[in-house]
Amino acid sequence: MNDLFAEVVEALLAGKFICEYSNPEQFQFLLNDGRRDKVNHYVGQMGRELQCSPGGETYYLVMQSLARPETQRAVVETMRSVINELEPIIRCLQLIDSAQKNDSPLLPGDTLRESVILRAIEDAPAAIEELEALARSQKFKTTASGLAGKLRGILAKLVDSGYLLHPNEGFYTATGKWAWLYEVIDFVVHHEHIDVQEEHEQESLL
Amino acid sequence: MSTRSLFGALYQHAELIDQGYSDPGMELPESPDNRRIIDSLISNKIAWRPDIYGGVRLTKPVRELLDRHHQKERLRHLDADIGGRIDLIRRQMLMYINAVRSADRSDDIQMLLYSIREQVYELAELLKDNTRRLWYRVENDFMYVVSIEAKIAENNTAIEQAERLSEALTAINIEALYDDCGGDRQLRQLFAVVLQDAVSSARSELIDLLVRMRASLFKFQSLARNARNVRALQRFFQHQPGYRFDHLFENMHLPAPARLATPLLLAHTANVRNPNQEIMLSDMLQGLRRQPVTDEDVVAVAEDIDDAQMQTQLVARDATTAAARNFFADLLSAKTPEAQSQTASASIAAAPTGTSLEAWIYYIYGEYQGMNSELRNLFKLEWLGRFHEVYDGNFQSTDIRVCLNRPAN
């Protein structure tokens, strides 16, 4: 119990997202109200607060207050890098979703097969161009040659960023961090008043 | 492909398509006999094979077409006319009571009782069946439809049906039926036990169902919102590539997800004053010392790198690194045994002015570690120092000695 408590607190303080797929034992631990309160009480003394995504997919820490200038600077710096990396991530997400023929964006627990994505990309010249562009972007920069190498490089970067797990060769699993990212996207879209109306809806209004 | 051939293929292979649509994994049944049909469905874009090792599935437009058809079908099917059935039971009950009162109608009594029993059991079964169907839909995430919008529509329909069913249950007034049956034991047993059980269990199932369906509706709506947001942001970036959202941080009322805590680097320092940890730490340190140096001769798998994209860059070596390299070169060219063994403290003069002994030791050690195994075998390196007086697992090094590793004669 104590070992698991320490593991959970250490992982959270280190900035990890705890979900059912990345850390099943720690996730189970946090499902209990009492244990969650203890963790919250502990991290609360360090100015942090345990947060859960609305669908309960992932747990992570946020700052309780931004009153201290150092905290404010650190939070802004972290979020600036996340938000300014949204463009390549969104493009990558679209590429994966269209290759997987998914109607909704990637969900925690979704399984990706490298061979399926690669075949779908190979069949679509626009997708090949998109993959090449992503492989040149700062976020997903890879020196690998060939479509397969580039795709693997991009997926490896998503693994490094904690968005994917790589349990077996050629297979990837989406983590709960996507649930958090969708919340951030929601914040950006609404704060920036980005038009969410689909093209066909706009046409019908005309 | 022409519309005629599309409809022709749909019509000819309707049974196979229906089997694929009804399959839980949405896969068409494949066999050597239907290989040509499957190929024709794939070439007509009615079906596709997502993966060479996987099965054949119906394409999205075909699934959506079938979704719409089946949606209408389902709406017709889950329409339990509970009020009508209760009216029928009541009418038959009154006829039965009248028949019981008139002594010459014993044949009618049996017929009517049989019919009432049948109606009650049918109603109980109908309630069970309706709740079971609703559970099936929600537990399978409405998998018979594909798009999120269709799932939301299906979920809303299911909620409406559950609410209608729940409302219809209020039409069953078991107490009134019980009172009206005039003390007939068989009818009382039917109403108070069979019907009462069915209604109570349907009511509690419907309460659970509605909670579950509202949660699943929330989930689908979140998915739809995420999908819309992602598409909106994608369109935004298409129009304004490279846009930066720096001004977002002018507003300090950031919501919780945007106040991500800064990761902390946690120190894991051993407590060398704790005697309880001495044996374990001593073992660990000995283990570390025994660790062999990495063998560069082990062949690594070459990365697939495009040389055309590589750029050559010359890196200037700093003066201390050059001095450390000369330290080893001097040892190699030394003629006398004394000169073939050198310590860092004795050679500090060779390091650039201002280099501390500690830094010089690390430079020599770093140079030694950076050699390939063949070169490193020419030298022997020894740490000079002493073990800690109290904690003997802690070796305190004060100098380093390097000598030529001449093979023994």
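Start at A:Cys92, which touches A:Leu134, A:Phe140 and A:Ile154 once residues up to four places away in sequence are left out. Keep in mind that this is a predicted model, with an ipTM of 0.87 and a pTM of 0.62.

**Nonpolar cores**
- A:Cys92 sits in the largest nonpolar core, which has 58 residues, and together with A:Ile154 it touches the most other members.
- Helix α5 of chain A, residues 86-100, puts in the largest share of this core: eight residues.
- There's another core apart from that one, made of 27 residues, including B:Leu123, B:Leu127, B:Ala202 and B:Leu209.
- As background, nonpolar side chains tend to be buried together in soluble globular proteins.

**Where chains A and B touch**
- Chain A brings 53 residues to the contact, and chain B brings 42.
- On chain A's side, the elements that each supply at least two residues include α1 (2-13), β2 (48-52), β3 (58-63), α4 (69-84) and α6 (114-122).
- Helix α5 of chain A is also one of these suppliers.
- The biggest giver on that side is α9(A), with 10 residues; this helix spans 177-191.
- Sorted by class, chain A's side has 27 nonpolar, 14 polar and 12 charged residues.

- Chain B has a mean pLDDT of 81, and 86% of its residues reach 70 or more.

Key. Residues numbered from 1 in each chain as written. Chains lettered and ligands numbered in written order. Predicted model: local features only at pLDDT ≥ 70, side-chain atom pairs only at ≥ 80, totals over all residues. Core = buried A, V, L, I, M, F, W, Y, C linked by C-beta atoms within 7 Å. Buried ≥ 20, exposed ≤ 12 C-beta atoms within 10 Å, placed from the backbone. Helix = DSSP H or I, 4+ residues; strand = E, 2+ residues; numbered from the N terminus. Contact = placed C-beta atoms within 7 Å. Nonpolar A, V, L, I, M, F, W, Y, C, P; charged D, E, K, R; others polar. pLDDT = per-residue confidence, 0-100.
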